[in-house]
Amino acid sequence: MMQDRLKYRVWDKVSKRYFFLELKFGDNGYHPRFIEKPIFEQCTGLKDKNDKLIYEGDIVKDEHEWKYIVKFGKHTVTIPVGYVNGETECLGWYLDKSYLSYHLNPNDDYLIIGNIHENEDLLENK
């Protein structure tokens with residue numbers, strides 16, 4: 001699972017398609033094709049309910065049909081400690097304003113339904 005976090009997909013704004021690459025230790029940085037205006041999206045290392053890797057920029061839905069965009073960055077989470085809820089800022093993967101756990105289980109039931117580049121229409125009725 002950790003090795004999947006070194007996988008990236010790159011959205012090429014010019015050709016409007018994805019290219020996939022994997023960073024490896026000792027890689028000399030050579031890539032056979034130069035991509036103009038790239039947008040790099042890292043793999044979260046997590047998989048959806050169909051065992052498909054989840055990348056930053058994916059649009060996923062949960063068992064209640066709620067749609068989310070997978071993002072990376074700072075976000076606030078509420079952590080229950082006894083009878084008290086404390087808010088803290090975290091850096092990591094999240095679904096809009098909800099923390100994306102590194103321990104997805106079948107109860108989470110996330111399904112990738114598209115991505116922000118090819119399926120913007122999916123977000124209209126979010």
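**Surface first.** I started with the accessible area: the protein chain exposes about 8800 Å², and carbon and sulfur atoms supply 52% of that. Areas here are Shrake-Rupley with a 1.4 Å probe, and for residues only the protein chains shown count as cover.

**Ground rules.** I'm working on a predicted model, where local features need pLDDT of at least 70 and side-chain atom pairs count only at pLDDT 80 or more, while totals for chains, interfaces and linings use all residues. Numbering goes from 1 along each chain as its sequence is written, and side-chain values use heavy atoms, with hydrogens and water left out.

**Overall make-up.** I counted elements next and got 0 helices and 9 strands for the protein chain. These are DSSP runs numbered from the N terminus (helices: H or I, at least four residues; strands: E, at least two). Read from the N terminus, the order is β-β-β-β-β-β-β-β-β. Of the 126 residues, 34% count as buried; buried is under 20% relative accessible area, exposed is over 50%, and partly exposed is in between (1.4 Å probe, protein chains only). I also checked contacts (heavy atoms within 4.5 Å). Among those with a separation of 6 or more, residues 24 or more positions apart account for 52%.

**Core.** Which residues make up the largest nonpolar core? I find 10: L46, I54, V60, Y68, V70, W93, L95, L100, Y110 and I112. β6 (67-81) and β7 (84-95) each supply at least two residues of this core. The term covers buried Ala, Val, Leu, Ile, Met, Phe, Trp, Tyr and Cys residues joined through side-chain atoms within 4.5 Å.

**Strand pairing.** I use the DSSP criterion here, with at least two bridges between two strands. β1 and β3 pair antiparallel over 5 bridges, and in that pairing R9 stands opposite E41 of β3. β3 also runs antiparallel to β4 (residues 53-55), joined by 2 bridges, with K47 opposite L53. β3 and β4 make a hairpin with 5 residues between them, and D51 in the turn has a positive phi of about 65°.

**Charges.** Side chains of opposite charge can pair when their charged atoms come close. My cut-off for a salt bridge is a side-chain nitrogen of Lys or Arg within 4 Å of a carboxyl oxygen of Asp or Glu. That gives 4 salt bridges.

Which residue forms a salt bridge with E41? It is R9, with the closest N and O atoms 2.7 Å apart. R9 lies in β1 (residues 7-12) and E41 in β3 (residues 38-47), so this pair ties together parts 32 residues apart in sequence. Both ends are out of the way: R9 is buried at 6% relative accessibility, and E41 is buried at 3%.

R9 also forms a salt bridge with D58, where the closest N and O atoms are 2.8 Å apart. D58 is in β5 (residues 58-61) and R9 in β1, so the pair ties together parts 49 residues apart in sequence. D58 is buried, as is R9. Through shared partners, salt bridges join R9, E41 and D58 into one network.

Another entry on my list is E65 with K61, at 3.0 Å from N to O. K61 is partly exposed, with a relative accessible area of 21%.

**Rings.** I searched the whole structure and found 3 aromatic pairs. The rings of W11 and Y18 have centres 4.9 Å apart and planes at 65°, so I log the pair as edge-to-face. For the record, rings of Phe, Tyr and Trp (its six-membered ring) pair if their centres lie within 6.5 Å; planes under 30 degrees apart count as stacked, over 60 as edge-to-face and the rest as tilted. W11 and Y18 are buried.

F20 and Y55 are also edge-to-face, 5.9 Å centre to centre with 70° between the planes. This pair links distant parts of the chain, F20 in β2 (residues 17-22) and Y55 in β4, 35 residues apart. Is F20 buried or exposed? F20 counts as exposed, at 58% relative accessibility, whereas Y55 is buried at 7% relative accessible area. I close the ring entry with one aromatic cluster, formed by W11, Y18, F20 and Y55.
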